[in-house]
Amino acid sequence: MKKNRVPVRFTGQHFTIDTRLINDAIRLADVQKEDLVLDIGAGLGFLTVHLAKNSDNVIAIENDRRFVSELRSKFGCNKKVNIVAIDYMRFSFPQKHFKVVSNIPYGITSDILKSLMFTNLEYFTQGCLIMQLEPAQKLVQQKFFNPYVVFYHTFFRLELMYEISPKSFLPPPTVKSALLKISKKKCENIGVEMKEKYLDFLYFMLHFPDLPVRTALKKIFRKQQVRELSEKSGLKLDNSVCTMSAQQFLECFVEMLKVVPDKFHPKK
């Protein structure tokens, strides 16, 4: 792995060459020998080679044919690494628990987050993503404007660990980057089978994020139910919907399932 060799005909990918960063990501994701670990956008395998030292089952996903050729040259005889030459958006996820440690392609950040923390909610357990700083900051901000972000916080703990220097990449990117840690929470209030319905509820609640909580809830609950829900969940009814916590959104949803007939439940 030569650090100072820029890939021929560079196509916009920035490779992680900082060993300390790579080791931090693997440590924070708590990668164990028996874990199935995905490396999304494996590139030239800078990260993959370290993952293979910690896990006996690494899937390196890469779409660029030249990089795939490099990966096969480096890991062709390594039984720990399975190289999948495919566009990530067409990748068939394993139907079992997996972790992700990856320097993700910044251009499809939103799609990657959805695929991990929504589509594969029941299988994705933990990970560390090297990603663009700005979307990482939006993921951990105090106010919610995106229904998917509330959904992620309901089932996962998201932590922005630190900002990453451009020198950690080859070639250095022009945008700022960060290391994001993702850990699965225990959520006993609703099961995976309710995820679509829960997302519909979040879309409804955040359609007008600056609306007072009282006004938004009264579109679903009766006035007395809103008061009781406020007392039970510590809701500040005059505050904007975007100031609610993920736990409060969840508690409102669970209460809706209990007291509101199904025909009145929000649908996208």
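Two residues are in contact when heavy atoms of one lie within 4.5 Å of heavy atoms of the other. Keep that cut-off in mind. The model on your screen is predicted.

**Stop 1: Lys 195**

Select Lys 195. It belongs to helix α7, residues 195-205. Is Lys 195 buried or exposed? Its relative accessible area is 12%, under the 20% limit, so Lys 195 counts as buried. Now show its contacts. Leaving out residues up to four places away in sequence, Lys 195 touches Phe 118, Thr 119, Leu 121, Glu 122 and Phe 151. Turn to Phe 118. Lys 195 lies over the face of that ring, 5.1 Å from the ring centre.

**Stop 2: the ring cluster**

Which ring does its charged end sit over? The ring is that of Tyr 148, with the charged end 4.5 Å from its centre.

**Stop 3: an aromatic pair**

A pair of aromatic rings is described by two things: the distance of the centres and the angle of the planes. The structure holds 17 aromatic pairs. For one of them, select Tyr 88 and Phe 93. Their centres are 5.8 Å apart, their planes stand at 85 degrees, and the pair is edge-to-face. Both Tyr 88 and Phe 93 are buried.

**Stop 4: salt bridges between separate parts**

Side chains of opposite charge can pair when their charged atoms come close. How many salt bridges does the structure hold? There are eleven.

Select Asp 35 and Lys 99. Their closest N and O atoms are 2.9 Å apart. Asp 35 lies in the loop between α1 and β2, and Lys 99 in strand β5, so the pair ties together parts 64 residues apart in sequence. Asp 35 and Lys 99 are both buried.

Move to Asp 56 and Lys 80. This salt bridge spans 3.7 Å, N to O. Asp 56 sits in the loop between α2 and β3, and Lys 80 in the loop between α3 and β4, so the bridge ties together parts 24 residues apart in sequence. Asp 56 is partly exposed, at 41% relative accessible area. Lys 80 is partly exposed too, at 27%.

**Stop 5: a bridge within a helix, then a network**

Select Glu 134 and Lys 138. Their closest N and O atoms are 3.7 Å apart in a salt bridge. Both lie in helix α5, four residues apart, about one turn of the helix. Lys 138 is partly exposed, at 47%, and so is Glu 134, at 45%.

Finish with Arg 20, Asp 24 and Arg 27. Salt bridges with shared partners join these residues into one network.

Definitions and conventions. Residues are numbered from 1 along each chain as its sequence is written. This is a predicted model: local features need pLDDT of at least 70, side-chain atom pairs count only at pLDDT 80 or more; totals for chains, interfaces and linings use all residues. Side-chain values use heavy atoms; hydrogens and water are left out. Rings of Phe, Tyr and Trp (its six-membered ring) pair if their centres lie within 6.5 Å; planes under 30 degrees apart count as stacked, over 60 as edge-to-face and the rest as tilted. Buried means under 20% relative accessible area, exposed over 50%, partly exposed in between (1.4 Å probe, protein chains only). A charge sits over a ring if NZ of Lys or CZ of Arg is within 6 Å of the ring centre and within 35 degrees of the ring normal. Helices (H or I, at least four residues) and strands (E, at least two) are DSSP runs, numbered from the N terminus. A salt bridge is a side-chain nitrogen of Lys or Arg within 4 Å of a carboxyl oxygen of Asp or Glu.
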